[in-house]
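Have the viewer open as you read.

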Amino acid sequence: MIMALTLAACGRSQAPEDGVDTQAPVTMPSRKQADGPPPSPTLQAVKARGRLNCGVHEGLVGFAFIDNRGQWRGFDVDFCRAMAAAILNDPNAVRFVPLNAEQRFDALAAQRIDVLWRSTSWTMTRDAGDGLSFAGVNYYDGQGFLVRRSLNLNSASELNGARICVQAGSTTELNAADYFRSRGIDYRAVVLRNEEEARQAYSREQCDAYSADISALAAIRTTLSDPQAHAILPDVVSKEPLGPVVRRGDEQWTALVRWTLNAVILAEELGVTRANAEALSKDSRDPRIRRLLGEEGDMGAELGLDRRWARNAVVAVGNYGEIFDKNLGSQSTLDLARGLNAQWNARPGGLIYALPIR
């Protein structure tokens, strides 16, 4: 009897004090209940106004510019249109907001734009300290130097004592300083307010070289009176991963931008084009294609979008390769090689790699 009482007392001392029945099954909240982001206020605002406000370059051939018919065109412009198609099923439901380098982040913080697609380099300072979130990389670039062929230069290391045109408010000015300082080369920075002023200063020979992203230099060279009189030096003095930027704190919106970019990248990898997307949605047996095009699962619901969101984006502007070729590659005046911006599984391979949609 003593042993029984002792065991009973021990049992009572080990019972939970809060009265919870440890033998009863615990019902955990679902993943979406526990971890799902709240509805995106940015997405709600875009749907309410029926238009995406997209920040772009003021005018850079290949990336964002107004053509002779008054229409916005370019690589970044097409990504804005892809988002509008994914969200509103209308690639033309976009208000393009032209911004220079100094204006772009202020416009985003002030909510004048919903997303910034404007040749913006992903850096630690911007990502960790400026209240910004980068949603991915749509173009891998690097900084270079544009010079007159008459100078007979073979390398940027020969620019000792040179005047270098750079744009204010960009990583270009800092990268040029790093490059010349690390090599003990004297130079003079000619800092201009925006790209147009820098281009004009270079064309008036107020500087000996113009330093910017190599893709931008290729675009600028086409606008000069005699493009063949100018050359881009072989030196690449920085890494410039360019991509879309949003305000920090709206995680669902960040995911929406990220996965729209990934959708058009994955479309190229899987052979889904603007021309065949609708047919493949009906005929393909590949589960990856069927998920991408909304025939299996409802991936759009994760983003607050229709199940056809990715299909709408691809039908509107094409896959990543089509967007590149039309604006920057073989079908454009720039005729840039894919290089680092080739798909990871191409020959030769590049850095473009889609995250899986599943």
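Let's start with strand E8, residues 143-148, which is mostly covered: 6 of its 6 residues are buried. Buried here means under 20% relative accessible area, exposed means over 50%, and partly exposed is in between, with a 1.4 Å probe and protein chains only. Strands (E, at least two residues) and helices (H or I, at least four) are DSSP runs, numbered from the N terminus. A word on provenance: this is a predicted model, where local features need pLDDT of at least 70 and side-chain atom pairs count only at pLDDT 80 or more, while totals for chains, interfaces and linings use all residues. Residues are numbered from 1 along each chain as its sequence is written, and side-chain values use heavy atoms, with hydrogens and water left out.

Back to E8. Gln-143, Phe-145 and Val-147 point one way from the strand, Gly-144, Leu-146 and Arg-148 point the other way, and all are buried. E8 pairs with strand E11 (residues 209-213) in the antiparallel sense, over 5 bridges; two strands pair if DSSP finds at least two bridges between them. In that pairing, Phe-145 stands opposite Ser-211 of E11. E8 also pairs with strand E12 (residues 230-232), again antiparallel, over 3 bridges. There, Leu-146 has Ile-232 as its bridge partner.

Now for the helices. Two packed helices are described by the angle between their axes and the distance between the axes. For helix H4 (residues 75-88) and helix H14 (residues 320-327), the angle is about 145° and the axes are 9 Å apart. Axes are lines fitted to C-alpha atoms, for helices over the stretch in contact, and angles run from 0 to 180 degrees between N-to-C directions. The crossing of H4 and H14 is right-handed, a label that applies if the near helix is turned clockwise from the far one by less than a right angle, with anticlockwise giving left-handed. On the H4 side, Phe-75, Asp-78 and Phe-79 meet Tyr-320, Ile-323, Phe-324, Lys-326 and Asn-327 of H14, with contact meaning heavy atoms within 4.5 Å. By class, this contact has 5 nonpolar, 1 polar and 2 charged residues. (Ala, Val, Leu, Ile, Met, Phe, Trp, Tyr, Cys and Pro count as nonpolar, Asp, Glu, Lys and Arg as charged, and the others, Gly among them, as polar.)

Some of those residues turn up again among the rings: ring pairs link Phe-63, Phe-75, Phe-79, Trp-117, Tyr-139, Tyr-320 and Phe-324 into a cluster. Rings of Phe, Tyr and Trp (its six-membered ring) pair if their centres lie within 6.5 Å; planes under 30 degrees apart count as stacked, over 60 as edge-to-face and the rest as tilted. The structure holds 18 aromatic pairs. In one of them, the rings of Trp-122 and Phe-134 have centres 5.3 Å apart and planes at 5°, so the pair is stacked. Trp-122 sits in the loop between E5 and H6 and Phe-134 in strand E6 (residues 132-134), 12 residues apart. Trp-122 is partly exposed at 34% relative accessibility, whereas Phe-134 is buried at 3%.

Which residues have a positive phi although they are not glycines? Here are two.

| Residue | Phi | Place |

Ser-119 counts as buried because its relative accessibility is 18%, while Asp-335, at 51%, counts as exposed. Lastly, a cis peptide bond joins Arg-347 and Pro-348, with omega about 0°. Pro-348 lies in the segment after H14.
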